[in-house]
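Let's take a friendly walk through a few local features of this model. Have the sequence and the 3D view at hand as you read.

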Amino acid sequence: MQQHPFLSGSVAHFLAAATADARADLRARFQSLAIQHNYDNILLVDPGGAVRFSLHDPGQRHRGYAAALAAAFADGTPVFTPLHIEAPGLPPHISVIAPLFTPSGAAREPLGAVVFVCNADQFLYPLIQAWPVSSDTAETVLVRRDGDGVLYLNDLRHREHAALRLRLPLTRMDSPAVMAVQGRRGFVTGTDYRGMRVAAVILPLEDSPWFMVAKLDAAEAFAAWRFRSLALLALYLGVLALPGMGGIVWWQHRKKVRQEALYRSETARRASMERYRVTLQSIGDAVIATDAQGMVEFLNPVAAVLTGWSEVEARGRSLADISPIVSEKTRQPVENPVARVLREGAIVGLANHTLLVARDGTEWPIADSGAPIRDADGEITGVVLVFRDQSAER
């Protein structure tokens, strides 16, 4: 633009005579440039720095170019102004000063300068605040040293109106922004302006006093790592637990097999006992079974009829109580055969002419025998007494 002959001609024409046509021509050129390059405003200043034309306002609010204007005329090259705020309420902006000179054939004299005002809210901050992936805490900040502190140059995600207003003292050694102006580079961890733990990357911006800090809250930055670590730990523990789980499964299987075997054995035993009981109940002779102490455990229906005691009533009573026997001739009590079996450990029989005295006093002539009940080790665990009514024979 500095070398553009039509722009220089329009500026020279306007500065020589600010007619309506010259003003319209200059406005048209400035308007085209502003639209093409998204400038917030374009100013024309004379060599003394006075604003001669402004595209959008008188330009009195833009004074940040004064120092840069002298440098531009001295060097004959465009100069950037620092990012700055002209007045309260105005957005931060950067200006580019392009000095214009008389045609190259004659002695080069400054005609004036064109000041291109760039609104940081429009061209810089949106670029900085963009993040390539979805994130709840990520942001990029620009900072520079400002005296004994660090000045934030852009608006922040977590604090409004921070651009060129928020400062941190250099004593905040744990801040990535302070680390940046003190020469740190690359990946760091620390505490940001909110006091939150963050992971950050610091890079200097070449040919400027600015530093870029891209940061992310540590909780978000390491969330995936923590998840993967926990997943790996769970997998590792799972692998370690597999033998134990296999042992538990095997033990449970063996336990189930044993329980099923015990259940089948118990079922078979109960079925066998029930079969024996039904058999004893069906015998035509009277049968009484006792334990090793002579207490009744079983009484079949025939024995219940002869003794006058039901099985429920007789169970747990002494055999002598429910079936007393006497000699038919002497009427004297006869020794209970159970006692003889327990004493002798052999099968015994009653003498002839023995009477059983029933519960109601009825006397039954009987013939009986007693035999020991032994367990697998040969120990006597009880006695079975079998007798029959001899009334029909008599």
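## Two loop residues with positive phi

Arg331 sits in the loop between strand S14 (325–327) and helix H12 (337–344); helices (H or I, at least four residues) and strands (E, at least two) are DSSP runs, numbered from the N terminus. Although Arg331 is not a glycine, its phi is positive, at about 65°. With 42% relative accessibility, Arg331 counts as partly exposed; buried means under 20% relative accessible area, exposed over 50%, and partly exposed in between (1.4 Å probe, protein chains only).

His161 also is not a glycine and has a positive phi, of about 50°. You will find His161 in the loop between strand S7 (149–152) and strand S8 (167–169). His161 counts as exposed, because its relative accessibility is 59%.

## How the model is read

This is a predicted model, in which local features need pLDDT of at least 70, side-chain atom pairs count only at pLDDT 80 or more, and totals for chains, interfaces and linings use all residues. Residues are numbered from 1 along each chain as its sequence is written, and side-chain values use heavy atoms, leaving out hydrogens and water.

## Helix H1 and its buried side

Which residues of H1 are buried? They are Leu7, Ser8, Ser10, Val11, Phe14 and Leu15. Because they cover an arc of only 165° around the axis, they lie on the same side of H1; the arc is that of the directions from the helix axis to the C-beta atoms. The face turned away from this buried side carries the exposed residues Pro5, Phe6 and Ala16.

## Asn41 in strand S1

Asn41 belongs to strand S1 (residues 41–45) and counts as buried, because its relative accessibility is 1%.
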